[in-house]
Amino acid sequence: MTINTVVFDIGNVLLQWDRRNLYRKLIPEPARMERFLAEVCTSPWHEQQDAGGSCEEATAALTAAFPQHQIGRAHV
């Protein structure tokens, strides 16, 4: 099968993406979740991966900077 069409969904037109959909499940308290997203897992951090950055390296950097949020060691 040959791919002959690529669709870029810029602006959530076809698929709705919101990082809060995942983090609501991980951090049920809205204020804590918003603080985590603003301080730790920020939009620029996600954008680095969207631009081709290494997810493994970016995650390792966050884990080193915020060890208290590492799943399994402490509560987010």
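The model is predicted.

**Stop 1: the largest pocket**

Select Tyr23, Phe36, Thr59, Leu62 and His69. Of the 15 lining residues, these lie nearest the centre of the largest pocket. The volume of this pocket is about 320 Å³.

Now colour the helices. Both α1 (20-26) and α4 (55-65) supply at least two residues each to this lining. The top contributor is α4, with three residues.

Switch to colouring by residue class. The lining of the largest pocket shows eleven nonpolar and four polar residues, and no charged ones.

**Stop 2: the second largest pocket**

Together they line the second largest pocket. Its volume is about 180 Å³.

Which helix gives the most to this lining? Helix α3 (residues 43-50) does, with four residues. Keep the class colours on. Here the lining has five charged residues, two polar and one nonpolar.

**Stop 3: the salt bridges**

Stay on Asp18 and Arg20. Their side chains meet in a salt bridge, 3.5 Å from N to O. Asp18 is partly exposed, because its relative accessibility is 30%. Arg20 also counts as partly exposed, at 24%.

Glu34 is partly exposed, with a relative accessible area of 33%.

Move to Arg32 and Glu29. They form a salt bridge, with the closest N and O atoms 3.1 Å apart. Arg32 is partly exposed at 31% relative accessibility. Glu29 is partly exposed too, with a relative accessible area of 36%.

Show Asp18, Arg20 and Glu34 together. Salt bridges with shared partners join these three into one network. In total, the structure holds three salt bridges.

**Stop 4: the nonpolar patch**

Click on Ile10. You will find this residue in the segment before α1. Is Ile10 buried or exposed? Ile10 counts as exposed because its relative accessibility is 73%, and the cut-off for exposed is over 50%.

Note on methods: Residues are numbered from 1 along each chain as its sequence is written. This is a predicted model: local features need pLDDT of at least 70, side-chain atom pairs count only at pLDDT 80 or more; totals for chains, interfaces and linings use all residues. Side-chain values use heavy atoms; hydrogens and water are left out. On a 1 Å grid over the protein atoms alone, a cavity is a set of points where a 1.4 Å probe fits but cannot get out, and a pocket is an open set with protein on both sides within 12 Å along at least five of seven lines; lining residues have an atom within 4 Å of a point. Grid points are joined across faces, edges and corners, and a volume is the space filled by probe spheres set on the points. Ala, Val, Leu, Ile, Met, Phe, Trp, Tyr, Cys and Pro count as nonpolar, Asp, Glu, Lys and Arg as charged, and the others, Gly among them, as polar. Buried means under 20% relative accessible area, exposed over 50%, partly exposed in between (1.4 Å probe, protein chains only). A salt bridge is a side-chain nitrogen of Lys or Arg within 4 Å of a carboxyl oxygen of Asp or Glu.
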